[in-house]
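Subject: Structure for your review

Dear colleague,

Please find the structure below, together with its sequence. A summary of the findings follows it.

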2 protein chains.
Amino acid sequence: MRRFLGMEMLELIRSLPNQIEEALQYELPLLEMPKRIFICGMGGSAIAGDITKTLAKNSKIAIEVVRDYSLPSYATKGDLLIASSYSGDTEETISAFEDGKSKNLTLLAISSGGKLENLAQKYEVPHIKIPQGYPPRTALGYLLTPIVKVLKNLGIIDDKTFEDYIKLPKFLQSLQEEFEKENSLAIELASKYYRRIPVIYTSTALYPVALRWKAQINENSKAFCHTMEFPEMNHNEINGIKNPAGRCEDLWVTFLQDEEDHPRVKLRFEITKELIENSIQGYSIIESKGSNWVHRIFYLIYLGDYVSLYLAKFYKEDPIAIPRISELKRRLSQ
Amino acid sequence: MRRFLGMEMLELIRSLPNQIEEALQYELPLLEMPKRIFICGMGGSAIAGDITKTLAKNSKIAIEVVRDYSLPSYATKGDLLIASSYSGDTEETISAFEDGKSKNLTLLAISSGGKLENLAQKYEVPHIKIPQGYPPRTALGYLLTPIVKVLKNLGIIDDKTFEDYIKLPKFLQSLQEEFEKENSLAIELASKYYRRIPVIYTSTALYPVALRWKAQINENSKAFCHTMEFPEMNHNEINGIKNPAGRCEDLWVTFLQDEEDHPRVKLRFEITKELIENSIQGYSIIESKGSNWVHRIFYLIYLGDYVSLYLAKFYKEDPIAIPRISELKRRLSQ
């Protein structure tokens, strides 16, 4: 397996708790309470925004993740734009940041350097500098923690959630042992996905976890993955898990569940698996574990990270290499 | 083919322009300018919300589509909740409507009857009654037009967009001829999708169109369908269109494009098809047609409606029947 920064993907996955501990020490700017928050980013730098939304599910102000070149038309002065680009050179994020500048939003930038750092200096807005050299999807702790802390300081993330977040590194370390042991749940799931198309279902609240699984499977395992959220899945996709029969019979469906899922969503999971099980290869039901919402979300996220690593091994893919993204960037810059 | 209300699916698809003309005549309540709009609905009743967002892309207030049992935590007095449930009995929408009531939002309800109509009467809030007897996905004109008109009266949808919307029925009628002729683009696409898994890519702005295609293919054709938006696709999924090789080589990718797509997104489409074409069965590039944004969106939506109908024929599926949704509802009500 190719080494990156002297680390293999397994070591990069293992670095998540340390990243969180390290990033919890950052000195952060004090901001005024915004009317709304836009978190702008792409790929591995954007998922931190989705997870933030999930952690701040009791927020009294709207948090929107923007994965595009510009902000929505209603973005305005008084709103906060957090630009998150691991490299600092993501063209969509730079463009959205400039859009935010021209619309007089309050700006905050997070990157390991790049143009975004330079722009932040130029506009004299706070820039949070995170360590260089990681593939963005393996820098989740560095990308997410500063946002969580900024939102905690604003009172948007509550004290209890933040206390649970501080205890997250220890919890993640205990999961490493669990997911790395022989015949772990992560290996079992990867073996189910091997040579099949994985389909990941969650509640709306947990959907960021499904997006993380999909992106990790796409990037680490170089494998196709389909996701959808409940209850919406019951209003259309449930009919579509049929044709073409030969392809659908080959899908492996995973229901990622949490004890706080709406009781009707839980019931919908139950009935759905009965209604589709004859049309698919099989399904897995994964219940989150942990003593609180933050830990339960990260139980599932971390499980997905390990699943994607094992699936890469089954496909004999280098989990670090992303040749198509590199080639795409090369051609875009011509 | 089973008949519904005396109409086959083709006739139901053909009824869209008439629905719009009819619904443009509705008398609608005058509302005060809200701080934010939540459009709550599921499946065929929710897509009207997504299309509204696309039509109101210059809106100075946020419009959010909620497909869940409750509103986000930041929903508050001064916000408008539009509950859209074709039957009026969608449990998620009823629940979100009650949530809006308890949080003192301004309420507006759209349905053909059901509990939602009764609740609107009970709470003395405006209810827009639309004709009964259609499968919700075939009632898009009735579901969308009142929202467009309410937002036009508030100034959230601009005059030019509304004028283009008024001209939409005539444009759709001209498309019927085009999509129903022998060897039409709709038939060609359906034949590409037959026995393969269709993958639909669009820009972020056009993503509601992709969601409509997916839902129509799921419900009418009983077929699996995968969608994703650009530029985010370039940051993860582009790597995943590889494994399992035997399955990915069987995907048919469709790029739905519009002249207003960001130039970099257009370039991303170009490069992406080159990078993935050896891993997939093939691709189609579909450019929207029409003299304005509203018509161009509906060119693509209507094309997808016809594609799903032809694909249903290829699979010998009754495009009207949705046995799994019916069975799910039966079991949920036990």
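Over all chains, this predicted model holds 32 aromatic pairs. One of them joins Phe230(A) and Phe255(A): the ring centres are 6.2 Å apart and the planes meet at 65°, which is over 60 degrees, so the pair counts as edge-to-face. Phe230(A) belongs to strand β7 (residues 226-230) and Phe255(A) to strand β8 (residues 251-257) of chain A, so this pair ties together parts that are 25 residues apart in sequence. Both Phe230(A) and Phe255(A) are buried.

Ring pairs also link Phe179(A), Tyr299(A), Tyr302(A), Tyr306(A) and Tyr310(A) into a cluster.

As to the overall fold, chain A has 15 helices and 9 strands. Its radius of gyration is 20 Å, close to the 20 Å given by the globule rule for 334 residues, so chain A is as compact as a globular protein of that length. The C-alpha trace of chain A spans about 60 × 45 × 40 Å along its principal axes. Of the 334 residues in chain A, 65% are buried.

Finally, an unreviewed UniProt entry carries the annotation "domain: SIS" for residues 20-156 of chain A. Over residues 20-156, the chain is 38% helix and 18% strand, with the end C-alpha atoms 19 Å apart.

Yours sincerely

Notes
Residues numbered from 1 in each chain as written. Chains lettered and ligands numbered in written order. Predicted model: local features only at pLDDT ≥ 70, side-chain atom pairs only at ≥ 80, totals over all residues. Heavy atoms only, no water. UniProt positions renumbered as here; feature names shortened; annotations may be inferred. Helix = DSSP H or I, 4+ residues; strand = E, 2+ residues; numbered from the N terminus. Phe/Tyr/Trp six-rings, centres within 6.5 Å; stacked < 30°, edge-to-face > 60°. Buried < 20%, exposed > 50% of the residue type's maximum accessible area, 1.4 Å probe, protein only. Rg over C-alpha atoms; globule rule 2.2 N^0.38 Å.
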